[in-house]
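Subject: Handover of a structure and notes on its contents

Dear colleague,

Please find below the structure that I am handing over to you. My notes on what was found in it follow.

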Amino acid sequence: MVENSKHEGPATHAVTFVWNAHEGENVELIGDFTRNWKEPVKAIHKGGPRYEAEVRLAQRKYYYYKFIVNGDWRQSPTSPTESDDRGNVNNILEVGDVASVTPSIQHPKKDVNIVKVIDRPLTKNEQFMLAKAARCVEFSVCPITLTLK
């Protein structure tokens, strides 16, 4: 169970939650970080089955969350889950020095829910390179060489 339900310190971690499944038309993110499950965050449609919701979270041990897809509360089948003190099964996210989610499935399917963490705002160049890399991975073709500085 979640050990500490208080948010410790300022919200320093930008976390983007991604719903990437075909059945969603209206997708929201909800969790213990959305005014204790009371104010869902509307996910933005990014094309195809992909929806993203970005929130800033404070460093602490764990957060519980779910997605609301077309009015139904759902958890990601590929992210870790845990039952809360009321017996509800929720996804769980650990935010330490950096946030991490260890998928429960070793080889995720093509259409899975993904959580990515960025500890600071990206520069314009980093945004471009990240978008370009994502397109290369999605289409399995990369016409340019990506190098780290």
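In which sense do S2 and S6 pair, and over how many bridges? The two strands pair in the antiparallel sense, over five bridges. Two strands are said to pair if DSSP finds at least two bridges between them. Helices (H or I, at least four residues) and strands (E, at least two) are DSSP runs, numbered from the N terminus.

Two remarks on the source are in order. This is a predicted model, in which local features need pLDDT of at least 70 and side-chain atom pairs count only at pLDDT 80 or more, while totals for chains, interfaces and linings use all residues. Residues are numbered from 1 along each chain as its sequence is written, and side-chain values use heavy atoms, with hydrogens and water left out.

The nonpolar core

A nonpolar core is a set of buried Ala, Val, Leu, Ile, Met, Phe, Trp, Tyr and Cys residues joined through side-chain atoms within 4.5 Å. The largest one has 19 residues, and those with the most contacts inside it are Phe-17, Leu-29, Phe-33, Leu-57 and Phe-67. Two or more residues come from each of strand S1 (11-20), strand S2 (27-31), strand S5 (50-58), strand S6 (60-69) and strand S9 (89-95). S5 gives the largest share, five residues. Leaving aside neighbours within four places in sequence, Leu-57 is in contact (heavy atoms within 4.5 Å) with residues including Pro-10, Val-15, Phe-17, Phe-33, Tyr-63 and Leu-93.

Aromatic pairs

The structure holds six aromatic pairs. Rings of Phe, Tyr and Trp (its six-membered ring) pair if their centres lie within 6.5 Å; planes under 30 degrees apart count as stacked, over 60 as edge-to-face and the rest as tilted. The rings of Trp-19 and Phe-67 have centres 5.1 Å apart and planes at 50°, so this pair is tilted. Trp-19 lies in strand S1 and Phe-67 in strand S6, so that the pair links distant parts of the chain, 48 residues apart. Both residues are buried, with relative accessible areas of 1% for Trp-19 and 3% for Phe-67. Ring pairs also link Phe-17, Trp-19, Phe-33, Tyr-63, Tyr-65 and Phe-67 into a cluster.

Salt bridges

There are two salt bridges, each a side-chain nitrogen of Lys or Arg within 4 Å of a carboxyl oxygen of Asp or Glu. In one, Glu-39 and Arg-35 have their closest N and O atoms 2.6 Å apart; Glu-39 is partly exposed at 43%, and Arg-35 is exposed at 56%. In the other, the closest N and O atoms of Glu-52 and Arg-50 are 2.9 Å apart. Glu-52 is buried at 16% relative accessibility, whereas Arg-50 is partly exposed at 25%.

A loop residue

Gly-71 lies in the loop between S6 and strand S7 (72-74) and is exposed, at 52% relative accessibility. Its C-alpha atom is separated by 7.7 Å from that of Asn-26, 45 residues apart along the chain.

Yours sincerely

Notes: Buried < 20%, exposed > 50% of the residue type's maximum accessible area, 1.4 Å probe, protein only.
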